[in-house]
Amino acid sequence: MAVDFQDERYSPTDFEKSDIKAQEVLETIADFDDPNIDRDGAIIGVLEDDSPYPEVRSAVANTDDPSIPCNSFRAWVMGIAWAILIAGLNQFFFFRYPSVSISGIAAQLLSFPVGRAWAKVVPNVRVFGVKMNPGPFSIKEHVLVTIMASTDIIAVQRVYYGQTYSFVYQWMVVMSTQLIGFSIGGILRRFLVQPPSMIWPSNLVTCALFNTLHSQTYAGIGTRGGISRERFFYYAWMGGLLWYFVPGYLFQGLSYFSWVCWIAPDNIVVNQMFGYVSGLGMSMVTFDWSQIAYIGSPLATPWWAEANIAAGFVFFFWLVVPALYYTNTWDSQYMPISSRTSFDNTGASYNISRIINSDASLNLTAYREYSPLFLSTTFAMSYALSFASITATLMHAFLFFRKQIWIQSRRSMHEQPDVHARLMSKYKQVPEWWYMIVFLLMFVIGVISIELWHTEFPVWAFVLSLTIAFFYVVPIGMIQAITNQQVGLNVITELVVGYALPGRPIAMMMFKTWGYITMYQALTFASDFKLGHYMKIPPRTMFWGQVVATAIAGTVQLGVQAWMFSNIPDICNPHQKNGFICPNTEVFGTASFIWGVIGPQRQFSSGQVYHALVYFFLFGAVCPVVAWLISLKWPNSFIRYVNFPVIFSGMGAIPPASALNYVPWVIVGFIFQYVIRRKHFSWWTKYNYVLSAAMDSGLAVSIILIFFCLQYPNNGTIALNTIQTWWGNTVYGATADGKAMPLLTLPTGSTFGPTTW
């Protein structure tokens with residue numbers, strides 16, 4: 001198949017570098033005070049016709065060869081096959097506990113030997129004029145296959161509130177959600193993809209792995225000697241794969257390494273401070289990369305962003321949370337200090353079935369006879385920080401990004417002050433009306449799905465949910481592209497629909513799906529667009545690859561889901577014999593009950609238990625203004641590195657994440673992104689992103705091996721009475737931390753909290 005290219009072979013060496021005015025170009029790289037930019041290093045990058053960012057230079061080549069095959073029959077067959085296989089397997093195990101997920105980096109790694117094998121085995125013949133084997137498996141084919149294979153579909157679950165929806169309805173909702181997100185990401189790519197300041201740090205790890213596997217060399221790697229990137233990757237990958245068998249299976253105490261709690265297992269205060277399961281994680285150590293990288297690789301996120309998250313975590317979770325808990329604010333001492341579940345006024349898990357009618361609506365009498373809903377202190381704090389992040393994001397974008405947004409709205413691809421944009425400008429671009437057509441078609445499908453089936457979801461709420469998603473994509477996307485941290489819209493969508501459509505849990509689920517998940521998908525596709533931008537994938541090939549893979553993966557997942565509910569007995573029952581208990585469905589369903597049945601007015605309105613948390617909306621709006629005013633007075637001070645949306649949203653993964661996933665993450669980030677980068681920059685340039693890719697991919701393969709070899713066979717009974725039950729695998733659960741014990745225990749028959757609600 002022909003490569004979609006408008007000109008001859010192009011290299012940045014064709015530019016007359018002597019005419020470059022470095023300082024003028026530098027000032028247009030980012031039309032805001034970008035904390036990622038190092039001015040001296042950036043000027044060097046510009047003069048060498050490379051990226052101004054050393055992170056990008058080390059992971060992405062500054063040349064392109066448009067003759068490299070990409071849009072080939074081989075790439076499409078492999079991409080579609082992986083999309084079917086991975087989507088089906090991930091959906092199958094989604095309903096199981098313990099579960100396994102084949103991640104994007106695993107797909108990237110697994111597709112490489114398959115492509116190499118195709119190049120060696122398949123004959124070089126033409127069928128209907130199409131080459132079956134265009135030669136060696138190319139890096140561009142590999143990128144296209146990986147993007148298609150790792151298409152992330154979030155399917156609406158089949159069973160909610162005892163109702164079963166048809167396959168057609170589910171397919172329409174899933175396609176509408178995914179492809180509206182795709183179209184929004186495409187329409188806004190001039191803001192989130194084309195500017196060089198939008199570096200999308202997580203993509204640099206992926207690019208480094210592609211270039212390492214295909215033995216690519218380019219100037220940005222540097223001239224440091226030592227072993228090659230390929231050999232380094234192999235050693236680190238094999239080490240990561242083998243090591244995870246220890247904390248992941250043989251000695252899980254090394255994963256939850258709360259060693260202080262092991263010394264004093266029954267001291268509740270000590271366990272609350274130093275524990276990892278239900279405590280605040282002051283033990284600070286883990287030997288498990290899956291825990292360290294749970295919220296993203298610390299080797300990819302810039303250190304200044306990690307420092308913002310560290311400061312926010314220490315202040316809010318190590319100072320404010322203990323102050324609230326040990327003063328018994330919100331009667332919190334009757335619950336664990338940190339928990340992902342909700343509680344009633346006896347300290348037991350909240351039994352939502354006691355307050356709903358048969359049609360899933362709220363039984364107000366039963367609710368008043370039972371209990372208000374209580375949250376652990378860390379859970380309540382996470383809601384407060386979510387509220388603050390919503391307003392802080394908008395205020396920060398207005399104060400700091402408004403110039404960049406305005407300029408990018410009028411700047412074309414070839415005008416970008418970046419070698420990668422100039423290289424990509426030679427390819428035929430995807431017209432914006434293509435994305436508009438996709439958006440309009442999916443909008444119509446969305447309207448049809450909510451009107452023809454009983455959803456209790458009016459069209460005006462559908463439009464409002466999409467408006468929220470569209471309004472927030474640019475500010476949230478810019479923050480994510482710079483800091484590797486995403487501000488979540490899940491809480492604000494739940495809050496809005498809870499007030500707008502109270503007592504309608506199905507409508508709440510739909511609003512959250514089109515509000516939050518559409519935004520999430522838009523940013524996922526924007527990240528994929530940037531990956532294609534870095535790896536010089538023709539945009540029109542990317543467009544069709546993503547659309548086709550999304551349609552196929554969504555259809556396969558729903559088909560697997562329908563088969564499972566028809567053929568697996570007792571699925572989603574807590575005692576299902578093969579472990580298909582639907583743990584993720586339960587979590588999502590509980591959230592829809594809390595927000596859609598009980599509603600935010602009974603949680604956060606005046607006079608309710610958690611009313612004080614709404615003041616974090618104001619707090620979040622004021623903080624960026626203070627930072628902006630200080631930056632006007634002292635523009636070169638540390639304040640340029642303070643990013644309040646990141647401070648507030650950085651802890652957005654809590655729950656289900658805990659201190660276990662933050663403290664070691666910050667420590668590892670400090671070592672690699674600050675100490676090694678400053679003192680051993682040539683090593684960092686050559687190996688940092690390769691090491692991250694090796695650890696991530698080694699972990700991904702090891703998880704798959706452990707699951708299919710040791711956990712899935714015999715319903716998990718392998719080594720049931722030996723390895724699974726020895727001290728090293730049970731010690732962390734035998735402490736007050738592992739048992740999630742509260743500080744205070746109620747006498748039998750007593751309750752805490754308000755007497756009326």
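Tutor: Let's start with Glu55, which is buried at a relative accessible area of 5% (buried means under 20%, exposed over 50%, and partly exposed in between, using a 1.4 Å probe and protein chains only). This is a predicted model, in which local features need pLDDT of at least 70 and side-chain atom pairs count only at pLDDT 80 or more, while totals for chains, interfaces and linings use all residues. Residues are numbered from 1 along each chain as its sequence is written, and side-chain values use heavy atoms, leaving out hydrogens and water.

The partner of Glu55 is Arg677: their closest N and O atoms are 2.8 Å apart, forming a salt bridge (a side-chain nitrogen of Lys or Arg within 4 Å of a carboxyl oxygen of Asp or Glu). This pair joins distant parts of the chain, 622 residues apart, with Glu55 in helix H3 and Arg677 in helix H27. Helices here are DSSP runs of H or I with at least four residues, numbered from the N terminus.

A search of the whole structure finds five salt bridges, so let's visit two others. Glu141 and Arg74 meet at 2.7 Å, N to O. Glu141 sits in helix H6 and Arg74 in helix H4, so their pairing ties together parts 67 residues apart in sequence. Glu141 is buried at 0%, and Arg74 is buried at 0% too.

Glu432 pairs with Arg190, their closest N and O atoms being 3.6 Å apart. Here helix H19 holds Glu432 and helix H8 holds Arg190, 242 residues apart. Glu432 is partly exposed at 34%, and Arg190 is partly exposed at 22%.

Definitions and conventions
Helix = DSSP H or I, 4+ residues; strand = E, 2+ residues; numbered from the N terminus.
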